[in-house]
Amino acid sequence: MKAYIQIVGQNSPEGPPSLILHYDSQRYLFNCREGTQRLCVQEKVRLSKLSNVFLSRVDWDCLGGLTGMLLTLTDTGIKKIDLHGPKNLSHFVAATRHFVYRTNATVNVSEYDNESKPYVDKNLSVTPVVVSPTSTRKRNYEQYSSSSNDQEQSSNSSSEDEASDSKTRWNKSKAMTNAEADNYRSKVISLMFTDTENGGKAPGHTIEAECSPRTAKSEHPLANKNKTEDTKGQEGRAGAQRQRNHLMQALPRTRPYLAATTYICQGTNLPGKFNKSAALELGIKPGPLYGQLQKGMSITLEDGRVVTRDMVCDPEVPGHVFIVVDCPSPAYIDGLINSTKFKEYQTGGKFKTHVMIHYVGEQVLEDERYQTWLQSFDSTTDHIFGSTEICAQTVQFTSHAVGQVKLSMLNEKIFPIPQYSNKPLKALSEFKGLPKNSFRLDSMLQYNLEPRNGIEYLDRPAFNHTNIELPEIKEIEENHEYLEAVKLARQEAAQVDLSETFPGDDVEIITLGTGSSIPAKYRNVSATLVTIPNHGSIMLDAGEGTYGQMMRRFGIDRLEEEIKKLKCIFISHLHADHHLGVIQLINKWQKAYKYDNDKTLTIVAPYIYKHWLSEYGGVELIDYKRKLKFVRNEVLLPSSKKQIQGTEAKNLVELKKSLGLSSIEPVEVVHCKWAYGLSIQHKSGWKLVYSGDTRPCNRLVESGKNATLLIHEATLEDAELQKAIAKRHSTISEAIDVGKRMNARYTLLNHFSQRYPKLPILSEEQSNVCFSFDMMSLPIKQMPVLPKYTSAIQLAFKEEDMVDMKE
């Protein structure tokens, strides 16, 4: 049997890396931060045998990539996934019910405390050590309860076309015991993941439910009149209503639980070797009887003696032991080192610990208490340490970085190379008092457990765009055909007249993510940052990994500055690839303004998103009361029957003032339930329109007339029109036609389903149409330059197209 650990990622501002445990029959995942799935694609890590996920903390740093991972795994055919972690894990999973629904798999959730029994299967046992911080400045229950009430009351408000049945649909949860609340959440999860394979329609509470865009007079998709078909009489209706209640009502309330879980993992005992000499002494000749004894069967000899396995085999060998330690700060050290669960695995104990993987926060490794605890394990134990100080922030998505090197030759400002550093802030050797077998954590590091234990670093040099000896860089430098195309493209771009000034010409567009559905090597999922000089920025959608894309675009030193510029996040709809990066942005924004209560961040989104935020606020604190504001798309629609009122009206006025906008107008588009585009107009005269995901939409055309810039999805190529119709997306030509009908000054296409689009040759009439790439950054006035690069870009990624075909 072969068993090994694989580290996917590195400690970074995004969170701790993921760890994958490989056995012949199964895979086990420890933590799943944002970007894990994309990195697995980059490194060709196969997860088809994944069966269990263990989370050390229920916070976004550790589980931000879990929802997207679950959706992908179930879509690829995995039938059963078990999730394990501390308190609130069930609450988190159940809170995603508005945008997660699968009928082809089951998901089970186990929450651990220190009284929980170990998880055991045929490969290993996992013992949780749940540690709470001993000293932290946390609010008391009354303070938290007050804030939660504010969130809950706020989340239960509805737009006028929903108000008629909001009381029955979004009732506050009734008072429950802890056991009742746990059972309630488990029931919700069982309805989200059913494994019925019945091909039935998605229920009305989910974004996957069938819909068509509504008029002002039409009923909301969740209205009670949209009843389940009665096939079993009153009993059937009652059962359907009970299910509906579980899915539609607010979850039982909970509070953030700050515990960090360390996992002690032990492989099953290995059978002892067969002792041929002992068998011969007992008079057993070589043959089939040897095999029976090795399998644990007893045999009876001719003289009546019974021989058992233990008489002819060496004793069992204890299985391998590894420990995954999560110690986010010194506040967790006392609880960790005082746990008696480690006793059997320390020096003098029953078992030898082969390796400990440490995810540690600042000042943990310098702490004498932690250092003393490390020395309590056997001197042969290997220790692998990961922290943002120890781990160099190297390039993780190498394929994209190489692509950016090619594009940067066309224009290094428009196509910047991702920010990275191959040197850590601190070398591991600078930390004194660590065991002799101490190693730094690197992405794709492998630790072998069976048949022999030992550490293996990936045998490849770190990406360095200035190192012409790297094969990828050398190949670019030796591609003379491409270099000639670059030279010609730069000459043509230099001849473009950019002297004309117009309102909004200095507004900067940064396309952080330009792919669709799931993250890919070359394209992350949707996110576009619009920076308005002297005002701030708006994020148009934020799929998983958006914060990481900002980190790679701006660099760690500048990252907080850019986060603090963020004034608004617009969410077009609740498909996961458009909003799973929002929580991390909120967390980082709140941290950046921790001591400044005058700053606000406004979320403009479908009303249903507020329920998700409110319920997630039971897992991590979201400061609705002071810093985070919310405006529902529904109340801003031109067809809305009532004027926006109350807190939302105030939030809207403040947002428009802070960004210098004269109007913010969501538009219902043709994609799924609660799907919206956006039209914003600035007081200086420019207009920007964002389509979100949609078929060509007349309402969007009318709202965006004479736009300065249209950012429109172009998910599919023209040859895939029928697929575009079925999936309610647009083809490239359809998106271009929307811009033409809108009379948009420029049209920027994004949300491509391919790694790189096969860029069509555009006519002179279409010279105002541009294609976007991840991290592309330019002011609107430079849009006319982009078409000059098309021929060179086609040549740059010709090889990638060939690789795609082979894969």
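## Charges over aromatic rings

In this predicted model, R745 sits over the face of F502, at 3.8 Å from the ring centre. A second case is R440, which lies over the face of Y457 at 4.5 Å from the centre of the ring.

## Aromatic pairs around F415

The count of aromatic pairs comes to 28. In one of them, the ring centres of F415 and F773 are 6.1 Å apart and the planes stand at 80 degrees; since the angle is over 60 degrees, the pair is edge-to-face. This pair links distant parts of the chain, 358 residues apart: F415 belongs to the loop between α13 and β15, and F773 to the loop between β29 and β30. With a relative accessibility of 1%, F415 counts as buried; F773, at 2%, is buried as well.

F415 also forms an edge-to-face pair with Y789, at 6.1 Å centre to centre and 65 degrees between the planes. Y789 is buried, as is F415.

Elsewhere, F30, F54, Y112, Y119, Y263 and F322 make up one aromatic cluster.

## Helix α15

Helix α15 comprises the 15 residues 480-494. At 1.5 Å a residue it should span 21 Å, and this agrees with the 21 Å between its end C-alpha atoms.

Its buried residues are Y482, A485, V486, A489 and A493. They cover an arc of only 105 degrees around the axis, and therefore lie on the same side of α15. These buried residues pack against α13 and α24, whereas H480, E484 and A494, on the other side of α15, are exposed.

How values were computed: Residues numbered from 1 in each chain as written. Predicted model: local features only at pLDDT ≥ 70, side-chain atom pairs only at ≥ 80, totals over all residues. Heavy atoms only, no water. Helix = DSSP H or I, 4+ residues; strand = E, 2+ residues; numbered from the N terminus. Expected span 1.5 Å × (residues − 1). Buried < 20%, exposed > 50% of the residue type's maximum accessible area, 1.4 Å probe, protein only. Arc of directions from axis to C-beta. Contact = heavy atoms within 4.5 Å. Phe/Tyr/Trp six-rings, centres within 6.5 Å; stacked < 30°, edge-to-face > 60°. Lys NZ or Arg CZ within 6 Å of the ring centre and 35° of its normal.
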